[in-house]
Amino acid sequence: DGKPFEFTIITNQGNSVRSSVAQIIQQQLGEVGIKVNFIIYEWATFINEYVNKRKFDAVILGWSTGQDPDAYDIWHSSKADGEKELNFVNYINKEVDELLEKGRTTFDQAERKKYYDRFQEILAEDVPYAFLFVGEALPIVSSRFQNIESAPAGIYYNFIKWYVPTELQVYTK
């Protein structure tokens, strides 16, 4: 309708990567005529006053999940109601709800994989988030630790099996 396209991105202070991402988005969209403002808030204000209350146009946050692909708390529609729920973009999809429910109640890994694969296909189609990147990490662990194995998910997937042989232990008390 001839109105300028303008929106505001919010993120939290103390995270230079998120601030840099906002600046890059601002610059690149500005080059095609979209005005992007961005505001950085102190963490508690950011979460309590904006994210939890869903008072934002766009937000830059990061997710970190464990090895189990259960994303119920983030994507199930029951988590879109009220403050302090993780589905703060109010994503609602009945098929996703069913897949997440089946995935978290099925013990057969091959069957679970089918549910979660389909769930990821739907997210890719619906695009409730613009997933920007996966950060890289270079973990450093003392050579005294044994039984560390690398995997596509990183080295921490089996951390519960790490140990330091008695003869290499430095801190015993």
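1. The second largest pocket holds about 170 Å³ of space in this predicted model, where a pocket is an open set of points on a 1 Å grid over the protein atoms alone, fitting a 1.4 Å probe, with protein on both sides within 12 Å along at least five of seven lines, and a volume is the space filled by probe spheres set on the points. Its lining (residues with an atom within 4 Å of a point) includes R18, W43, I47, V51, G62, W63 and K84, and helix α2 (residues 43-51) gives the largest share, 3 residues.

2. By class, that lining divides into 7 nonpolar, 2 polar and 3 charged residues, with Ala, Val, Leu, Ile, Met, Phe, Trp, Tyr, Cys and Pro counted as nonpolar, Asp, Glu, Lys and Arg as charged, and the others, Gly among them, as polar.

3. The largest pocket has a volume of about 1700 Å³ and is lined by 47 residues, with G62, W63, S64, F131 and F133 nearest its centre. The lining comprises 33 nonpolar, 9 polar and 5 charged residues.

4. Helices α4 (residues 94-105) and α5 (residues 109-126) pack with their axes 9 Å apart and at an angle of about 155 degrees, and are therefore roughly antiparallel (over 145 degrees).

5. Residues are numbered from 1 along each chain as its sequence is written, and side-chain values use heavy atoms, with hydrogens and water left out. Local features need pLDDT of at least 70 and side-chain atom pairs count only at pLDDT 80 or more, whereas totals for chains, interfaces and linings use all residues.

How values were computed: Axes fitted to C-alpha atoms, helices over the stretch in contact; angles between N-to-C directions. Helix = DSSP H or I, 4+ residues; strand = E, 2+ residues; numbered from the N terminus. Parallel < 35°, antiparallel > 145°, perpendicular 65-115°, else oblique.
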